[in-house]
Amino acid sequence: MSQVVATLTKTIKEFLRQKPVLFWTIAWPIIWVLIGSFSFVGGAPREVVPHLRAAITISMAAFALMIAGMANLPGNIAEDRERGLLSKLMSLPISPWKDFAGRILGLLAFSALAVILVLLVGYLCGARFAYASGVWSAIGFFLLVSLASAGIGMLVGTLIKHVQGAIMTGVGISVVTASISGVFTPYSSLPSPLQAFARIYPVSSANSSIIYLLLGEDFAGYNPVSSGQLILTIALSLLLFAAGLILYSKLCWRQD
């Protein structure tokens with residue numbers, strides 16, 4: 001347990017002391033909340049504007065989770081590899097699962113801070129939810145976004161050894177997939193092939209589920225919490241997370 005706590009503490013401290021991490025994970029989504037809240041809602045009816053701002057805020061909170069999992073986590077893994085820390089851990093009677101648990105818990109704690117700050121700024125900008133009853137379910141979908149993103153991040157961190165390469169690959173994946181899956185763009189504005197991808201890609205479908213629960217189908221563009229879609233979103237999120245976990249535990253510690 002002490003190894004888990006030690007890795008958790010180390011991970012959080014490293015995230016908090018790195019300015020690029022703070023910028024991309026917290027400041028960048030907040031900047032887009034500010035831009036979107038006052039630039040992209042100008043032609044909408046007054047009564048709809050608070051909900052549009054809420055949809056933008058939700059998407060930027062999801063993007064913060066994407067950056068944390070897909071870029072910050074693999075960067076953290078690659079940094080420990082370059083410093084030789086993983087090699088030292090391999091020489092000790094320490095299970096990779098404890099190291100993994102500490103990293104993921106640290107990631108979740110840092111990600112929760114990022115989401116809270118993004119949502120707070122959105123609220124101060126006038127974002128309002130239509131349905132408060134869906135808050136707890138929405139938290140579950142935020143967790144799915146984080147798990148799926150962490151799974152992709154562990155894959156990147158395991159396969160790419162150098163810090164800059166791991167971070168830039170993660171940022172590239174998160175930005176590109178967010179752009180083509182409805183996180184940056186409303187689902188209804190996507191062409192049919194990208195709408196199909198948005199329903200399959202668990203990060204975007206979980207993001208749409210949050211919007212659906214808190215704002216309604218008109219803002220989500222479709223019903224992402226139907227039984228079939230819900231099962232697909234949960235299954236693919238857990239599959240990505242499991243794939244990243246297995247590859248990290250089986251290969252990463254053996255490559256150093």
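1. Is E14 buried or exposed? In this predicted model, E14 has a relative accessibility of 2% and counts as buried. The cut-off for buried is under 20% relative accessible area.

2. The side chain of E14 forms a salt bridge with that of K10, with N and O 3.5 Å apart. Both residues belong to helix α1, which covers residues 2-17. Because E14 and K10 are 4 residues apart there, about one helical turn separates them. K10 is partly exposed, at a relative accessible area of 21%.

3. K10 has a further partner in D80: the closest N and O atoms of this salt bridge are 2.9 Å apart. K10 sits in helix α1 and D80 in helix α3 (residues 49-82), so this pair ties together parts that are 70 residues apart in sequence. D80 has a relative accessibility of 0% and counts as buried.

4. D80 also pairs with R103, and the N to O distance in that salt bridge is 2.6 Å. R103 lies in helix α5 (residues 96-124) and D80 in helix α3, so the contact ties together parts that are 23 residues apart in sequence. Both D80 and R103 are buried.

5. Through shared partners, the salt bridges join K10, E14, D80 and R103 into one network. A search of the whole structure finds 3 salt bridges.

Methods: Residues are numbered from 1 along each chain as its sequence is written. This is a predicted model: local features need pLDDT of at least 70, side-chain atom pairs count only at pLDDT 80 or more; totals for chains, interfaces and linings use all residues. Side-chain values use heavy atoms; hydrogens and water are left out. A salt bridge is a side-chain nitrogen of Lys or Arg within 4 Å of a carboxyl oxygen of Asp or Glu. Helices (H or I, at least four residues) and strands (E, at least two) are DSSP runs, numbered from the N terminus. Buried means under 20% relative accessible area, exposed over 50%, partly exposed in between (1.4 Å probe, protein chains only).
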